[in-house]
Every structure is written in C-alpha cells, then in structure tokens.
Amino acid sequence: TARTGPIAGALDDGPFLDSVLRNYLDEWQEGYAREQDNYRSFVVFAELKLRQVLVATAGVQRAPNAHRLAAVLDCLDRLSGLFGRYGPVLHTIRAELGRALYEDWDEGGLG
C-alpha cells in the first residue's frame with residue numbers, strides 16, 4: 001500500500017529522517033545525562049537537609065511537625081524543578097500535600 005500525505009514524504013527522505021532522529025536522540029541523551037547529574041546533586045542535598053531537620057526535631061513529640069513538613073515540601077519543590085518530564089506532577093503532589101497539611105497554604109510559598 002502506497003503512503004500519501006506530508007508525513008509519507010518525510011518518511012521517504014532517508015537522510016533527512018535519519019538526521020532528525022539522530023538529533024532528537026542526541027538531545028534526549030544529553031537531557032537524560034543532565035537529569036542524572038542534577039539528581040545526584042539533589043540527593044546529596046536532600047539527604048543532608050532531611051537528616052538535619054530530623055536531628056533538630058528529634059525531641060519534638062507534636063505530629064505533624066511543621067519544620068519536618070516544610071523541609072519535605074521544599075525537597076519536593078526542588079525535585080519538581082529538576083525533572084522536566086515529571087516536574088508538573090511532582091509540583092501538583094507538593095501543592096496537594098500542602099493544602100492537606102496547612103490550613104493557610106499559600107501556593108507561592110511553603111505554607
């Protein structure tokens with residue numbers, strides 16, 4: 001069966017299509033590598049920040065703890081900025097957690 005339409009013509013242009021696909025894959029791989037590097041840096045930051053807040057609030061019996069929640073929501077906020085593909089869903093998760101945990105949740109801030 002013969003293909004017709006604008007896309008069919010592009011599929012017949014082997015060198016052009018190969019070039020477009022190669023560029024797309026190169027950009028995807030570079031983006032993936034950047035995400036991995038950013039993720040490693042973020043993990044170190046988040047582990048340190050969370051460890052600090054957990055130690056600082058270890059004696060506090062009140063739950064939920066506002067300091068711990070703020071640290072966790074901040075980490076989610078930073079994480080949502082690192083991953084373009086998953087950023088919007090992580091931002092929504094953070095916002096919904098904030099609304100559920102804080103009476104005066106301010107979308108522009110952390111509470």
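## How α3 and α4 cross

In this predicted model, the crossing of α3 and α4 is left-handed. The contact draws on Leu69, Leu73, Leu76, Asp77, Leu79 and Ser80 from α3, and on Gly87, Leu90, His91, Ile93, Arg94, Leu97, Gly98 and Leu101 from α4. Sorted by type, the residues of this contact comprise 8 nonpolar, 4 polar and 2 charged.

Two packed helices are described by the angle between their axes and the distance between the axes. For α3 and helix α4, the latter spanning residues 87–101, the axes come within 8 Å and cross at roughly 160°. Because angles over 145 degrees count as roughly antiparallel, α3 and α4 are therefore described as roughly antiparallel to each other.

## The protein as a whole

The protein contains 4 helices and 0 strands, and its elements, read from the N terminus on, follow the order α-α-α-α. Of the 111 residues in the protein, 22% are buried. When contacts with a separation of 6 or more are considered, 43% of those in the protein are accounted for by residues 24 or more positions apart.

## Ser80, a residue of the α3 and α4 contact

Ser80 is one of the α3 residues that make the contact with α4, and helix α3, in which Ser80 is found, covers residues 66–82. The relative accessibility of Ser80 is 12%, and Ser80 counts as buried because this value falls under 20%.

## Asn65, in the loop between α2 and α3

Asn65 is found in the loop between α2, which covers residues 14–56, and α3. With a relative accessibility of 10%, Asn65 counts as buried, and, when residues up to four places away in sequence are not counted, Asn65 touches Thr57 and Val60.

## Lys49, in helix α2

Lys49 is found in helix α2, and at 22% relative accessibility this lysine counts as partly exposed, since buried would require a value under 20%.

The residues touched by Lys49, not counting those up to four places away in sequence, are Ala71, Asp74 and Cys75. For one of these, Ala71, the separation from Lys49 is 22 residues in sequence, whereas in space the two are 7.2 Å apart from C-alpha to C-alpha.

Methods: Residues numbered from 1 in each chain as written. Predicted model: local features only at pLDDT ≥ 70, side-chain atom pairs only at ≥ 80, totals over all residues. Heavy atoms only, no water. Helix = DSSP H or I, 4+ residues; strand = E, 2+ residues; numbered from the N terminus. Buried < 20%, exposed > 50% of the residue type's maximum accessible area, 1.4 Å probe, protein only. Axes fitted to C-alpha atoms, helices over the stretch in contact; angles between N-to-C directions. Parallel < 35°, antiparallel > 145°, perpendicular 65-115°, else oblique. Left-handed = near helix turned anticlockwise from the far one by under 90°. Contact = heavy atoms within 4.5 Å. Nonpolar A, V, L, I, M, F, W, Y, C, P; charged D, E, K, R; others polar.
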